Amino acid sequence: MRELAKSTIREIKSSKGRYLAIFFIIALGVGFFAGLCTCRPSFVKTAEKYFDQQNFYDYCLRSNVGFGKDSAEAFLENKEIAAVQGVCYEDVLAAVDGNDVVFRVYSVPENINELRLVSGRMPAADGECVVDEAYFKEDVLGDTISFSDANRESTKSAFRHLEYTVVGTVSSPLYISSDRGTTSLGDGTIKAFLFVKEECFTADYYKELYVVLKEREEIYSEAYRENILEKKQMITEIGQKQAETRIKNLLMQSQKNNVSSLAAEQSNTASVYVLTRDENAGYASFEQDSKIIENISVVFPVFFFLVAALVCVTTMTRMVDEQRTQIGVWKAMGYSKLAVSSKYLFYSGTAGLTGSIIGFFTGTFLIPMILWYAYRSAYDFAERPEYIFDWKMFLICTAIAAFCTAGTALFCCQKELSEMPASILRPRMPQNGKRVFMEKLKGLWQRIGFLHKVSLRNAFRYKKRFFLIVFGISGCTALLLTGFGIRDSVQGVTDYQYGEITLYDAEVTFVKSMEKEERQEFLERHADNIRETVFLSECSVDAKLGKRKKSTKLVSVVDGELENFFHLRHNNEDVAYPKDGEIILCTGIADGIGAKVGDTIVLVGSLFQEVSVTVSGIFDNYIGNYLFVSERTMAQLEEEVSSAAYIHFYKDSDFERIKNKDSGEESLLTELLKDETVGHVALSTEYKKKVETSFASLDLVVLLIIVCAGILAFIVLFNLININIGERLREIATLKVLGFFSSECSAYVFREVDLLTVIGALCGLVFGKFLHSFVMSQVSPGNICFDERIAWGSYIASVAATLVFAWLVKLAMQRRLKEINMTESLKSVE
Amino acid sequence: MIDKYTGGMTMPEFIAFEHVGKTYKVGEVEIQALKDASFSVEKGEICVIVGASGAGKTTILNILGGMDTMSAGKVWLDGQEISGYDEKQLTAYRRYEIGFVFQFYNLVPNLTALENVELAVQICKDHLEPAQMIQEVGLGERAGNFPAQLSGGEQQRVAIARALAKKPKLLLCDEPTGALDYNTGKAILKLLQDTCRKSGMTIVIVTHNSALCDMADRVIRVKSGTVQSVTTNQKPVPVEQIEW
């Protein structure tokens, strides 16, 4: 047995290329699989660590009257509650570089949603503040931020000071993404947050209460959600009581002071809203984004494992073939089947095992690290992710690796082992030549050059090899196409949405439902700025078809023509606006509930009132979901509606004024926002920018895919050419003896590889198209439908890149070809 | 023993080996495969190089066939000095001047008999018609068959056709009957002998079978890496009359 062991070790040494091919394909498959699978748990753990450290809230309570400053005690009486924190906040306009921007100013929390100091120190005196590190640079320390004169009186009176010195920069767990929320001030978006001491607020009550439970389940888990849902009622009750107490106190106060308190009069009944973590934009979008990776991680690794198995099968088959005589000798000497096959088991098993170990650890370390780096552009709360080494995953990967390697080895040598030693020792019959189907086309076949005929025959002769290379190369091309395609789709979404579908400059949401005269007055007030308007009424509904249901926005045109603001079309054909009793759906909703033109769907309102409508059309829309109905259909639903309008500003000069606020004039936007009827204005350009930044992290994912595709192509081709050359040593040596120059020799060998590469690449385009649309359907975050179109350039680029990878491998293999000794041709047939 | 080697600048001989030596380095060990080998062969002769395995006959074949370089000495073929050739020149030399017949035929399994001949002439400027060559070796009926469908003798005939179609100056045969049975082997040797007589082709046959010496015009015996003797047969025997 010692000799057999020695022979095995020497075998590995003498066929490093083959051994390494098995090692690398297993390492790649396992690394990719384990790496991608570990990403979500790893990122969730990273987030959990951060949220735990900062003591992130479980419930956020708001009421129409706020909460008294002593409310915390009532909560803490409950044994399930660990901590309560009240905060005051106010949105203010502040001058930055001469422009008014909106900040949200909070009171510094003590024990929930703790701030993380990035630079400087926490505020110690009244006139000091710490600021959003994402918006301010470090050199802001020592600067003074003054609240603008343009602020409402009520805002100004909410603070004891209107000027604060910046003493530090911080990050807050309430804002882990770049989204800082919206406001009714300024241009409608909050640019940054500020924290000042609680004493700086004049209010004697808290606007929000944050509550943390004692019981802590893993974040984003079902257990967490259930626990939160279970206790929500209890929290609401305590909150309700506290709000009622506050009303009582207010009434008592106003009676005592004989002053009519507006707050108390308006709200004899307290209404309390209990929000959970899911309502926090950063927390929710982080979960959404980490799910994207989880979805992708299923598809790619399966594919890599398939290729790995194929590489192992071809490699081991070749090895056993080569060693036919040796196997015969071992058997003739009386070694058992098991002993002989153990050599091949060991050979492939160790390659697979070491590949699995190295791949697993590299993958679980490298892939989360790379993707986290990409994530940091959107979620910058940790330097590096928490790495997770999951032993169960490791065992699964190793088991699969063992099956792919040792299993195939065992399978491959079965045939040889069951033969009698004598018959193995006899040289095998030369392999039969075969004609390929093309030879039946006499006319075509005769036109093909002689050497090309040889390549064609070789290419189609070996089924296993043909399959491996076509599969491997098509996988490479498919991965590349998917990678490039993801970029196309993402870019396509914003360009298409804002270039061809939503044509309006801004969307105005009014604070109340607007009657005809009010609309007219609004237009008259802004006649200088607004060129064109269409008024809409909107409400939220559930669209239902059979058992499938989706919540969405229902819109009807009240006044004006939609045409110039929203282009309704599908497959390059215009879609007509629905008549009474009809509805048109955007693609996202149509796909979501599986509705087709002609179906009857049910609209469900907030009080479960229902209206049936017929789908008269489906229109393309990528960002956000809409349904359009006629005004009368809208009225049938008897839902409370709000008014909105799409507007076009006067072109060029006027629109430029919005972006360029240096003109000194009041911008159109602030002009609009000053209007009392206007609640919110969303600029299309701003919105487009926002969507685009959230896609930025995808670029690195694309790069990762491209690199993997390259490695895959390299391993498959290297292995294949290696086997091909090994099998044809005699043939190649004979060609050399016949006087083929080395360039002719490599052309003879590589031409079939070229042919198969091209076939593989073309198959890959088809395969890639499917993979791409699958991936896009998986990564689509809720309200965004991706455009599944892939640009022509991407098709060309994927094929070109595949060919370049193949060319590189050939370049590397050229040397091997040169090294073949002509005396091989004199040896007997093995 | 008649030493035909004359030395000097004029080389009337077709093939000339002049003090040729070959040393292989295997790791630290140097193996001398050929020592001071000198002989010559005239145009149109059948020359048999005979010796036991490991005697150095294959080394002579490799050097003469342009498949290996030598460590010492000089080699001429038809007035050209091969010993100074670089790799590219050697390839061209194999391509245009040498026809090779292997012990194990070395046909490309994926090509038919006819196509195997075509493979060789593809790269030659001046060559014979492949179909005609196949006809001449007696395989006209089997031209479309793949090697696996041919017997050993038939495969070797294809190999000979392939070598001859190139119109080489020299036909080198490495144990051409080594893998064949007695009768088939004889038929192959007859084909070689007839070809030589008919077309005046110079043929060098390397073998361990000394029975073949009788059919040769010239016999070179090698042993332990040296040329033991070079003899000429005044009356070579037709192959049919040789027995072993």
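User: Which residues does Val311(A) touch, not counting residues up to four places away in sequence?
Analyst: This is a predicted model. Contact here means C-beta atoms within 7 Å. With residues up to four places away in sequence left out, Val311(A) touches Ala21(A), Ile22(A), Ile25(A), Leu468(A), Ile715(A), Val716(A) and Asn719(A).

User: Which residues touch the most other members of the largest nonpolar core?
Analyst: The largest nonpolar core has 246 residues. In soluble globular proteins, nonpolar side chains tend to be buried together. Within this core, the residues touching the most other members are Val311(A) and Val716(A).

User: Which helix gives the most to this core?
Analyst: The core holds 246 residues. One helix of chain A, covering residues 16–53, gives 20 of them, the most to this core. That helix is α2.

User: How many residues are in the second, separate core?
Analyst: Its members include Tyr504(A), Ile530(A), Leu637(A) and Phe649(A). This second core is separate and has 53 residues.

User: How many residues of domain 2 of chain A are in contact with domain 3 of chain A?
Analyst: On the domain 3 side, 6 residues take part in the contact. The touching side of domain 2 has 5 nonpolar, 1 polar and 1 charged residues. Domain 2 puts in 7 residues.

User: Which element gives the most to the side of chain A that touches chain B?
Analyst: In all, 26 residues of chain A are in contact with 25 residues of chain B. Two elements of chain A give two or more residues to this side: α13 (450–461) and α22 (729–737). By class, the side has 12 nonpolar, 9 polar and 5 charged residues. With 6 residues, the element giving the most is α13(A).

User: What radius of gyration does chain B have?
Analyst: Chain B has 6 helices and 10 strands. Its C-alpha trace spans about 50 × 40 × 40 Å along its principal axes. A compact globule of 244 residues would have a radius of gyration near 18 Å, so chain B agrees with its 18 Å.

User: What share of the residues in chain B is buried?
Analyst: Among contacts in chain B with a separation of 6 or more, 71% join residues 24 or more positions apart. To count as buried, a residue needs 20 or more other C-beta atoms within 10 Å of its own. Of the 244 residues in chain B, the buried share is 49%.

Conventions: Residues numbered from 1 in each chain as written. Chains lettered and ligands numbered in written order. Predicted model: local features only at pLDDT ≥ 70, side-chain atom pairs only at ≥ 80, totals over all residues. Contact = placed C-beta atoms within 7 Å. Helix = DSSP H or I, 4+ residues; strand = E, 2+ residues; numbered from the N terminus. Nonpolar A, V, L, I, M, F, W, Y, C, P; charged D, E, K, R; others polar. Rg over C-alpha atoms; globule rule 2.2 N^0.38 Å. Buried ≥ 20, exposed ≤ 12 C-beta atoms within 10 Å, placed from the backbone. Core = buried A, V, L, I, M, F, W, Y, C linked by C-beta atoms within 7 Å.
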